[in-house]
Amino acid sequence: MSGILLAMQGAVSQGVLWGIMVLGVYITYKILDIADLTVDGSFALGGCVCAILVVEKGMDPLLALMVATLAGMVAGAVTGMLHTLFDIPAILAGILTQIGLWSVNLRIMGKSNIPLLKVDTIFSRIVDILGVKQSAVSLVIGILIAVLIIVFLYWLFGTEIGSALRATGNNEDMIRALGVNTKMTKLLALTISNGLVGLSGGLVCQSQKYADIGMGTGAIVIGLAAIVIGEVLMGRLKSFGSKLSSAVTGCVVYFLIRAIVLQLGMDANDMKLLSAVIVALALCIPVAIGKWRIWKSYSEEDPTC
Amino acid sequence: MLTVNHVYKTFNKGTINEKKALCGLNLRLEQGEFVTVIGGNGAGKSTLLNMIAGVYPIDNGLIEIDGVNISRKPEHRRAQYIGRVFQDPMRGTAAGMEIEENLALAYRRGGKRTLRWGVTKKERELYREKLKILNLGLEERMHSKVGLLSGGQRQALTLLMATLIEPKLLLLDEHTAALDPKTARTVLELTEKIIREKSLTALMVTHNMKDAIRLGNRLIMMHEGRIIYDVAGEEKKQLHVSDLLAKFEEASGGEFANDRMILS
């Protein structure tokens with residue numbers, strides 16, 4: 001039993017750190033209405049950049065996180081330019097960047113994984129100072145950063161530029177007719193989004209004490225699953241801030257589910273299938289219900305108007 | 001004010017679907033002119049408006065507004081001169097955003113968008129006053145999502161948004177065609193009122209010949225990418241639908257008499 005509890009505690013802190021990636025996915029998927037597949041690559045990129053800087057270059061772990069964020073932003077900008085300047089469909093543009101990043105990440109690390117065992121991370125530093133457990137520290141730091149980012153996004157999307165960004169996802173024709181360069185807004189959104197994804201990759205790398213070439217595989221599906229779970233759990237909340245919070249909460253719940261099914265003896269490799277099924281069901285069920293309702297409501301009788 | 005000089009546009013050039021939409025079109029609009037545009041399907045009416053707005057690039061020619069050459073400016077840059085209302089009520093507003101937010105987006109047309117807050121308190125009062133003009137009670141629903149409004153309400157709102165910052169040129173592309181007759185009349189009256197009060201320069205495409213004669217102070221008829229008839233002032237006021245039909249038969253050899261035109 002204590003095994004499960006311990007696993008759950010770890011899952012919560014992991015969920016919060018990955019939740020920052022989900023905030024990035026939220027920007028593209030929910031606000032811009034684009035499924036951006038760059039995420040798998042930019043998440044790993046954040047982790048790889050962070051690891052190599054801390055281990056090989058002896059960089060301060062906090063600074064390394066910022067570089068990881070920047071690296072993610074560059075990756076997002078590449079997808080953004082492919083999509084806006086050259087009219088490549090967003091999904092394909094994301095796939096191209098993602099695939100390219102696999103090689104880039106290997107080049108950066110020089111091998112397929114790097115452990116961070118003997119170096120300082122932002123988490124180990126606080127553990128050293130306060131003498132508390134690593135998992136508790138990751139949780140607190142994760143929540144702190146997530147809250148800061150939610151506040152930042154809340155502010156950003158309330159500004160004139162942010163409103164133009166939301167309008168781009170809502171009605172592109174309209175906002176262009178009102179003088180907004182939608183290429184720029186899309187580029188900006190993809191850049192910010194992948195910056196957050198890169199930051200999340202860096203944080204996860206420091207928290208789990210290794211970076212791995214495959215660490216981003218399936219990140220986009222986790223992101224979508226988290227958003228969907230968050231909507232199911234907290235769908236009644238309508239304010240923008242609570243929608244962002246529910247995305248992070250959804251991610252925590254995702255990792256809790258994962259921890260539980262793993263504890264129950266499921267093969268870790270089957271987890272990706274489970275994620276895919278969760279997302280697919282979440283997308284299918286509302287459509288199926290809608291169709292069923294229409295089917296059901298038919299009758300040959302004359303309705304009373 | 002507006003100069004359209006020898007503008008050509010061909011879609012799908014060099015393919016089997018090649019379509020000459022504008023063939024050396026010339027048009028000059030003076031300040032304050034309200035021009036109605038009529039013509040059969042495929043005459044190039046919408047293309048003309050889209051070319052002026054910059055939706056697609058033109059192949060040849062020159063488009064100027066107030067002496068500024070905008071021929072090669074992208075759509076979002078031309079927006080500082082031009083207010084637009086589309087045929088589809090869904091296209092002119094952002095459904096997922098509040099009425100107030102939509103107005104705030106329109107209030108910044110042509111201006112620089114910064115990191116200042118998207119809607120200020122002072123603007124809110126302005127929007128409330130402007131919404132009252134519409135007489136639809138929208139001033140009490142400023143935080144409602146635009147997606148909850150009817151097509152007519154959305155079109156009225158789009159009209160307000162297009163003229164919130166006074167445009168040098170207002171483009172109306174069959175903006176009442178998708179509405180029911182009663183709503184269409186309301187939106188048309190509103191259009192007339194706003195254009196008159198601000199003495200705007202406007203181009204209005206319509207399929208309704210009576211409206212085309214009744215509204216505005218100049219009428220142009222298009223056929224196969226050219227203007228074939230241009231009438232203003234007293235002469236326009238004396239026009240009858242039958243005159244227009246005759247004019248068109250003459251130009252097109254009878255093919256103009258499609259049912260949509262006759263019924264309207």
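How many of the 18 residues of α2(A) are buried? I counted 16 of the 18 as buried, so α2(A) is largely enclosed by the rest of the structure; buried here means that 20 or more other C-beta atoms, placed from the backbone, lie within 10 Å of a residue's own.

I noted that this is a predicted model, in which local features need pLDDT of at least 70 and side-chain atom pairs count only at pLDDT 80 or more, while totals for chains, interfaces and linings use all residues. Residues are numbered from 1 along each chain as its sequence is written, and chains are lettered from A and ligands numbered from 1 in the order in which they are written.

Helices are DSSP runs of H or I with at least four residues, numbered from the N terminus.

Next I turned to the two chains, where the contact takes 20 residues from chain A and 25 residues from chain B, two residues being in contact if their C-beta atoms, placed from the backbone, lie within 7 Å. On the side of chain B that touches chain A, α3(B) gives the most, with four residues.

Last, I checked α7(A) (residues 160-170) against α3(B) (residues 99-107), and found that they pack at an angle of about 110° with their axes, lines fitted to C-alpha atoms over the stretch in contact, 11 Å apart. They are therefore roughly perpendicular to each other, a term for angles of 65 to 115 degrees. The contact is made by S163(A), A164(A) and A167(A) of α7(A) with E101(B), A104(B) and L105(B) of α3(B).

Conventions
Axes are lines fitted to C-alpha atoms, for helices over the stretch in contact, and angles run from 0 to 180 degrees between N-to-C directions. Helices (H or I, at least four residues) and strands (E, at least two) are DSSP runs, numbered from the N terminus. Angles under 35 degrees count as roughly parallel, over 145 as roughly antiparallel, 65 to 115 as roughly perpendicular and the rest as oblique. A residue is buried if 20 or more other C-beta atoms lie within 10 Å of its own, exposed if 12 or fewer, and partly exposed in between; C-beta atoms are placed from the backbone.
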